[in-house]
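Please look over the sequence and the model shown here before reading on.

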There are 2 protein chains.
Amino acid sequence: MSRASIKALTAQRTLAVAEQLVQTRGYNAFSYADIARALGVTTATLHYHFPTKAELGKQLINRYRTQFEGALIEIDAAYSEAREKLKRYVGLYAKVLHDGRMCLCGALAADAATLPKPMRSEIRHFFDTNEAWLSAVLADGRKSGDLHFEGPQRDAARYILDILEGAMLIARSNDDFSRFDRSTGRLLAEFMTA
Amino acid sequence: MSRASIKALTAQRTLAVAEQLVQTRGYNAFSYADIARALGVTTATLHYHFPTKAELGKQLINRYRTQFEGALIEIDAAYSEAREKLKRYVGLYAKVLHDGRMCLCGALAADAATLPKPMRSEIRHFFDTNEAWLSAVLADGRKSGDLHFEGPQRDAARYILDILEGAMLIARSNDDFSRFDRSTGRLLAEFMTA
DNA sequence: GTCTATAGGTGGATAGAC
DNA sequence: GTCTATCCACCTATAGAC
């Protein structure tokens with residue numbers, strides 16, 4: 001781990017709690033007081049590590065994207081077939097949902113209009129990362145005959161991301177996670193059928 | 001119009017402004033003060049018409065769903081082909097997006113965990129209405145050979161709704177409405193191809 | 001129906017002691 | 001690094017005059 005990413009224990013715990021709060025309640029529905037209560041510290045302590053909520057939010061997304069990129073690298077290392085990679089990719093989102101959470105950036109996207117610019121940029125970065133990885137998998141799958149779809153890979157990648165975020169959003173609000181599995185199952189079938 | 005739905009002018013204007021605020025900023029990012037400023041009245045006046053924010057929110061969704069049902073009835077009256085109905089249905093969402101807004105219930109779904117139960121019930125009601133209408137259109141389209149899809153109509157209907165909400169969410173957060181059009185275009189093509 | 005005035009609470013954020 | 005104490009802005013909501 002690089003020196004730049006070494007963080008004090010309280011800072012790490014703050015990020016973990018804040019992440020969970022954003023994913024379950026949304027950016028505008030959590031406060032420094034919520035985190036302080038969970039950690040057993042005061043809000044002044046939190047402001048020492050993260051001067052502003054905007055800064056905390058930015059680092060939150062950055063960390064989330066970095067961890068996500070790590071998971072994508074693991075998939076690339078463990079599987080060679082495009083359709084298997086796509087399945088595991090969907091599995092990443094399913095795991096988040098099963099943990100009772102919304103995708104961090106999906107949750108933040110809903111409040112995008114109220115967020116500071118740096119946070120909006122980080123959110124785009126996360127979506128761009130998804131799009132790039134998916135595009136590569138789709139290109140590979142199309143070439144090998146493993147996956148089937150019409151039009152540009154980029155558009156198909158965005159389509160997949162749209163479904164994942166939408167299915168999470170609706171499944172959570174309806175308290176029925178099986179809806180996510182049925183929708184993503186349909187999605188996978190669509191790309192795996194000639 | 002039934003007597004029960006007649007509302008004082010200020011109440012009507014309040015609902016219109018509040019709706020726009022929720023759709024653009026989210027439930028937890030707007031206040032009675034925002035509405036009061038827009039209408040040129042005091043917050044006390046708003047509380048006369050809507051005692052609590054929860055009550056305002058509930059009536060907001062109820063009104064939205066009622067208007068939406070009216071639009072669905074219009075579609076049914078104007079078109080007979082299932083694929084044409086489906087196109088117009090997607091057009092309803094496109095219109096909301098083009099107005100710079102998120103679907104009201106999609107926006108609220110993101111904050112669902114922080115909402116009072118009556119509001120959550122109204123949100124479900126909206127999604128159920130979508131699902132029921134779509135299921136009927138899909139059943140009809142499959143019967144006439146106008147639409148093509150695998151599995152239960154209900155699952156396909158939910159799949160469509162998931163994409164619409166997800167595509168809106170991402171398109172808005174990326175400030176690129178054309179993404180919505182490309183994803184929904186792909187969706188329509190999927191159901192119209194044998 | 002709308003106002004003034006205000007209560008009671010919580011929000012993010014800071015100064016300065018330890 | 002963490003604390004106590006505090007500021008000021010904003011929130012939802014209410015009482016009572018007009």
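## Basis of the model

The model is predicted, so local features need pLDDT of at least 70 and side-chain atom pairs count only at pLDDT 80 or more, while totals for chains, interfaces and linings use all residues. Residues are numbered from 1 along each chain as its sequence is written, chains are lettered from A and ligands numbered from 1 in the order in which they are written, and side-chain values use heavy atoms, with hydrogens and water left out.

## DNA strand D

By class, nine are nonpolar (Ala, Val, Leu, Ile, Met, Phe, Trp, Tyr, Cys and Pro), one is charged (Asp, Glu, Lys and Arg) and nine are polar (the others, Gly among them).

A side-chain N or O atom of His47(B) is 3.3 Å from a base nitrogen of DNA strand D.

## DNA strand C

DNA strand C is also surrounded by 19 residues, and the closest are Lys53(A), Thr10(B), Thr42(B), Thr45(B) and His49(B). Of the atoms of DNA strand C within 4 Å of the protein, 67% belong to sugar and phosphate.

Phosphate oxygens of DNA strand C lie 2.6 Å from a polar side-chain atom of Thr45(B) and 3.1 Å from one of Ser31(A).

Key: Polar contact = N/O pair within 3.5 Å; in protein donor to acceptor, adjacent residues only side chain to side chain. Near = heavy atom within 4 Å.
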